[in-house]
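This briefing goes through a protein structure topic by topic. Please look over the sequence and the 3D view before reading the points below.

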Amino acid sequence: MLRHLNSTSLSNLLFLFNRIWTEQKYPSQSHEATLIPILKPGEDSSNPLNYRPIALISCLCKTLERMVNARLVFELEKQGYISSLQSGFRKGRSTFDNLVLLETQIRNAFVRRNHLVSIFFDIEKAYDRTWRYGILLTLFNFGFRGNLPIFLGNFLSHRTLRVRMRNFYSNHFIQAEGVPQGSVLSVTLFIVHLSQILHHLPSYVHGSLYVDDLQISCQGSNMNMIERQLQNAVNKLVAWCDNNGHTILFFAEKSRCVHFCRKRNVHLDPNIQIRNAPIPVVNEIRFWGVIFDRKVSFLPHIFHLRKKCERSLNILKVLSRTSWGADRTSLLRVYQAVIFSSIDYGCMVYGCARPTVLMRLDTIYDSALRICSGAFRTSPIEILYVISPQGHIFFRYDVIHDPEVP
C-alpha cells in the first residue's frame, strides 16, 4: 500500500516523519508489538521455550526505522565504527567471510606445522538481554549527538508486547530490557554494541562475529601457551559479558572447542574453562553450514551433503514421470533450487579437499542429469552434458581439478 501512494500522500507521510524526528516524540502505537509463536521443527509443543517468536510491528514505524537505519549504517561504515570482523547484516558481507577466515587460519597453521585451537560460543538470549544504556553509551562514544540519540532512546524505551494465539490475545507485557524483536534498527544497534567484545581479545587470539555467533582461535607450536592465551581471552570475554548484560552459554551443544592439528605424535587437547566448567573438545563442528573436522579433510561434510542430496533426488524422481511429469527445463530448475544450491554453498571452502573425497559427489550430478534429461543409465555422462540445454550448471570436481582441461 505504501509503495502505491500518490505524491501527496507520500509528502504528508514524510512531513509526519520529520515532525517525529524534530519534535523528539515517538508514537505510542509504534512501541507495541504482537508476538506470534511458531513451534520449532521436531520440538515438544508443551514447552514454551521451543517456540520461535515472530514480532509484528507497525509498517509505518518500520518505514521510518529503515530511513534512520540507512543513514546510521552509512555513517558507521564511513567512519569504520563497526569492526571488520563482524560480518552480520552488512552490505557485501555474508557467512562466507567467516568460513573463509577460519579455513585460512587453519591452513596457515598447518603450513607452519602448528596447532590451532578454536572455540565456538553462543550468547544466551542475545537480543532480549542487550544492555540498552550500553548501546546509547557506545554511540555517544562514537560522537553521535543531536536528534539521533534522543530518537534511539525513545525507540528503545516503553516497549510493550502481547502474544497472539489464533484469535486470542494476551495482556500487554513490558519489555524492560533488550532490543525489540522484528525491528529494523534492532540488528544494527545490537551489532554496534556487541562488536566491542572483539576489542578485549589478547593480541595472540583472533576472533570473528556474525551478529551474536562468536568464534575465537589461537595457533602456536606450544599447546600450553595456546591454552593460557585462550583461557585469558575467555576470562576477558566473560567479564565483558557480565558487565554488559550478556551471558555466555556453556552447554555441550552450544559452546565447543576444536583442536585442528595434523601432527601424528601424541599430544593432549587443551583444557579451557568457563566459570570452572570445562569446554568440551570435539573432533568436528558444524560452522555456518560447513562441517569442519580436526584434520580439515571435509570428509564428514561430504558425507552429510551426499546424504542430504540423495533425499532431495527423490523430488526429481517423483516429478519425472513419463505420463504426467514435468519437462526438462522445469526439472533443471528444481535441481538448481533444491540440490545445486546445497552443493554450491561453501564450495570455496570444502572445494580444496582431496579429489578422491570430492568424487563422492559425482554420482549426485550424474543421477540428477539422467533424471532431468530422461536418459538411460548406460548413456555416457559426457553426452548428457552436451545435449542438456542447461548443462553448464552441472560440473564435476574431477574435471575442474584436471590440469589438462582448459
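Two residues are in contact when heavy atoms of theirs lie within 4.5 Å. The model is a predicted one.

**Nonpolar cores**
- The largest nonpolar core has 56 residues, and the members that touch the most others are Ile-119, Phe-121, Ile-216 and Leu-230.
- Helix H7, residues 223-243, supplies nine residues to this core, the most of any contributor.
- Another core, of 38 residues, lies apart from the largest one. Its members include Phe-110, Phe-292, Tyr-335 and Leu-358.

**Helices H2 and H6**
- Helix H2 (residues 59-79) packs with helix H6 (residues 184-194) at an angle of about 30°, and the axes are 8 Å apart.
- H2 is therefore roughly parallel to H6, because angles under 35 degrees count as roughly parallel.
- On the H2 side, the contact is made by Lys-62, Glu-65, Arg-66, Val-68, Asn-69, Leu-72, Val-73 and Leu-76. On the H6 side, Val-184, Leu-185, Thr-188, Leu-189 and Val-192 take part.
- By type, the residues of this contact between H2 and H6 are eight nonpolar, two polar and three charged.

**Asp-212, a loop residue**
- Asp-212 is found in the loop between strand S7 (206-210) and strand S8 (213-220).
- Its relative accessibility is 17%, so Asp-212 counts as buried; the cut-off for buried is under 20%.

**Helix H8**
- Helix H8 (residues 299-319) has 21 residues, which at 1.5 Å a residue should span 30 Å. The C-alpha atoms at its ends are 31 Å apart, which agrees with that span.
- The buried residues of H8 are His-301, Ile-302, Leu-305, Cys-309, Ser-312, Leu-313 and Leu-316.
- Those buried residues pack against strand S14 (290-293) and against helices H9 (328-344), H10 (347-350), H11 (355-358) and H12 (362-373).
- Ile-315 also lies in H8, but Ile-315 is partly exposed, with a relative accessible area of 39%.
- Not counting residues up to four places away in sequence, Ile-315 touches Val-334 and Val-338.
- Ile-315 and Val-338 are 23 residues apart in sequence, and their C-alpha atoms are 8.9 Å apart in space.

Key. Residues are numbered from 1 along each chain as its sequence is written. This is a predicted model: local features need pLDDT of at least 70, side-chain atom pairs count only at pLDDT 80 or more; totals for chains, interfaces and linings use all residues. Side-chain values use heavy atoms; hydrogens and water are left out. A nonpolar core is a set of buried Ala, Val, Leu, Ile, Met, Phe, Trp, Tyr and Cys residues joined through side-chain atoms within 4.5 Å. Buried means under 20% relative accessible area, exposed over 50%, partly exposed in between (1.4 Å probe, protein chains only). Helices (H or I, at least four residues) and strands (E, at least two) are DSSP runs, numbered from the N terminus. Axes are lines fitted to C-alpha atoms, for helices over the stretch in contact, and angles run from 0 to 180 degrees between N-to-C directions. Angles under 35 degrees count as roughly parallel, over 145 as roughly antiparallel, 65 to 115 as roughly perpendicular and the rest as oblique. Ala, Val, Leu, Ile, Met, Phe, Trp, Tyr, Cys and Pro count as nonpolar, Asp, Glu, Lys and Arg as charged, and the others, Gly among them, as polar. The expected span of a helix is 1.5 Å times one less than its number of residues.
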